[in-house]
Amino acid sequence: MDSKFFLEHELDIGYNLCYQPDCNCCFRSECLADKGEVMLLKDVKVNLPGKGSLRIKAGFRFDGASIPRLFWSTTYHPFHHRVIIAALVHDALYASEIFERSEADNIFKLILEKWGVPWWDRNKMWLAVRTFGGSVWKSHTEESIKTARKFISFVDEVA
């Protein structure tokens, strides 16, 4: 299998930028802009070298890289093209708990490297998820994991 993280097709996260979040003209039952989320409009398949293929189905919602606004000038915007794939995969792996938390964090860092994020930035971001991601991980319930797994599947390379 190719040693690079690759996508089946170009990522189309279907931004819905809403300038009037209380307009009541959206077809969704809840406003994504209020939550700072985007929703996939197409399935995304990501190769995880040495592991297998991760498929994230249309409808999965995520918030990009959880970078506080204060740090955007020293790292990246949460939906920057260099970090968006890593953020999507990391959010999917966390939500579904397909891998252990430490493995999900390491995959995040590897994808950042493959997408050209400099050593200092990717290690800052990795350290942030290692330090603060535990609270997100611990907030999962059996029901939230079950719901996430409706959108996320993994095919092991050796299967």
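## Helices H3 and H4

H3 passes H4 in a right-handed crossing, where right-handed means that the near helix is turned clockwise from the far one by less than a right angle, and left-handed that it is turned anticlockwise. This is a predicted model, in which local features need pLDDT of at least 70 and side-chain atom pairs count only at pLDDT 80 or more, while totals for chains, interfaces and linings use all residues. Residues are numbered from 1 along each chain as its sequence is written, and side-chain values use heavy atoms, with hydrogens and water left out.

The axes of helix H3 (residues 101-114) and helix H4 (residues 119-138) come within 10 Å and cross at roughly 150 degrees; axes are lines fitted to C-alpha atoms, for helices over the stretch in contact, and angles run from 0 to 180 degrees between N-to-C directions. H3 and H4 are therefore roughly antiparallel to each other (angles over 145 degrees count as roughly antiparallel, under 35 as roughly parallel, 65 to 115 as roughly perpendicular and the rest as oblique).

## Helix H2 and its two neighbours

Helix H2 (residues 84-96) packs with H3 at an angle of about 170 degrees, their axes being 9 Å apart, and H2 and H3 are therefore roughly antiparallel to each other. The contact includes Val89 and Leu93 of H2 together with Ala104 and Ile111 of H3.

The axes of H2 and H4 also come within 10 Å, but they cross at roughly 40 degrees, and so these two helices are oblique to each other. H2 passes H4 in a right-handed crossing, and in their contact His90, Leu93 and Tyr94 of H2 meet Val129, Gly133, Val136 and Trp137 of H4.

## Aromatic pairs

The count comes to 4 aromatic pairs, where rings of Phe, Tyr and Trp (its six-membered ring) pair if their centres lie within 6.5 Å, and planes under 30 degrees apart count as stacked, over 60 as edge-to-face and the rest as tilted. One of them, formed by phenylalanine 60 and phenylalanine 62, is stacked, with 6.4 Å centre to centre and 15 degrees between the planes.

Tyrosine 94 and tryptophan 137 form an edge-to-face pair, 5.1 Å centre to centre with 85 degrees between the planes. Tyrosine 94 lies in H2 and tryptophan 137 in H4, so the pair ties together parts that are 43 residues apart in sequence.

Technical notes
Helix = DSSP H or I, 4+ residues; strand = E, 2+ residues; numbered from the N terminus. Contact = heavy atoms within 4.5 Å.
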